[in-house]
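The sequence and the structure are shown below.

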Amino acid sequence: MVTSAQIRAARGLLNWTVRDLAEKAGVHRNTVTRAETDATGPGHATAAIRAALEDAGVQFIAENGGGAGVRLKRKE
């Protein structure tokens, strides 16, 4: 499961606007805003947002005692 903070951080790492992420995920801008503020739960839209971020090179780091996070994959 991805958190709202991870979505915000991932978008920041990519230097994407809300509009950029919405277009790449195929969802409305308001949907991205709701996902980033915990106003929506897991579902199809959140999965699309996560997939778009992962396609751009974001890796989501699970809560493992050190806290959930994000990072960019190394470019090969």
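Which residues have the most contacts inside the largest nonpolar core? In this predicted model, the core has 18 residues, and those with the most contacts inside it are Ile7, Leu21, Val27, Ile49, Leu53, Val58 and Phe60. At least two residues of this core come from each of helix 1, helix 2, helix 3, helix 4 and strand 1. Helix 4 gives the most, with four residues. In soluble globular proteins, nonpolar side chains tend to be buried together.

Helix 4 covers residues 44–55 and has 12 residues. From its first C-alpha to its last it reaches 16 Å, close to the 16 Å expected at 1.5 Å a residue. Its buried residues are Thr46, Ala48, Ile49, Ala52 and Leu53. Seen down the helix axis, the buried residues of helix 4 fall within an arc of 160°, so they line one face. The face turned away from that buried side carries the exposed residues His44 and Asp55.

| Element | Residues |
|---|---|
| Helix 1 | 4–14 |
| Helix 2 | 18–25 |
| Helix 3 | 29–36 |
| Strand 1 | 58–61 |

Thr46, in helix 4, is buried because its relative accessible area is 12%, under the 20% cut-off. Residues up to four places away in sequence aside, Thr46 touches Val2, Thr40 and Gly41. With neighbours within four places likewise left aside, the contacts of Phe60 include Val2, Arg50 and Leu53. Just after helix 4, Gly57 takes a positive phi of about 110°.

How values were computed:
Residues numbered from 1 in each chain as written. Predicted model: local features only at pLDDT ≥ 70, side-chain atom pairs only at ≥ 80, totals over all residues. Heavy atoms only, no water. Expected span 1.5 Å × (residues − 1). Buried < 20%, exposed > 50% of the residue type's maximum accessible area, 1.4 Å probe, protein only. Arc of directions from axis to C-beta. Contact = heavy atoms within 4.5 Å. Core = buried A, V, L, I, M, F, W, Y, C linked by side-chain atoms within 4.5 Å.
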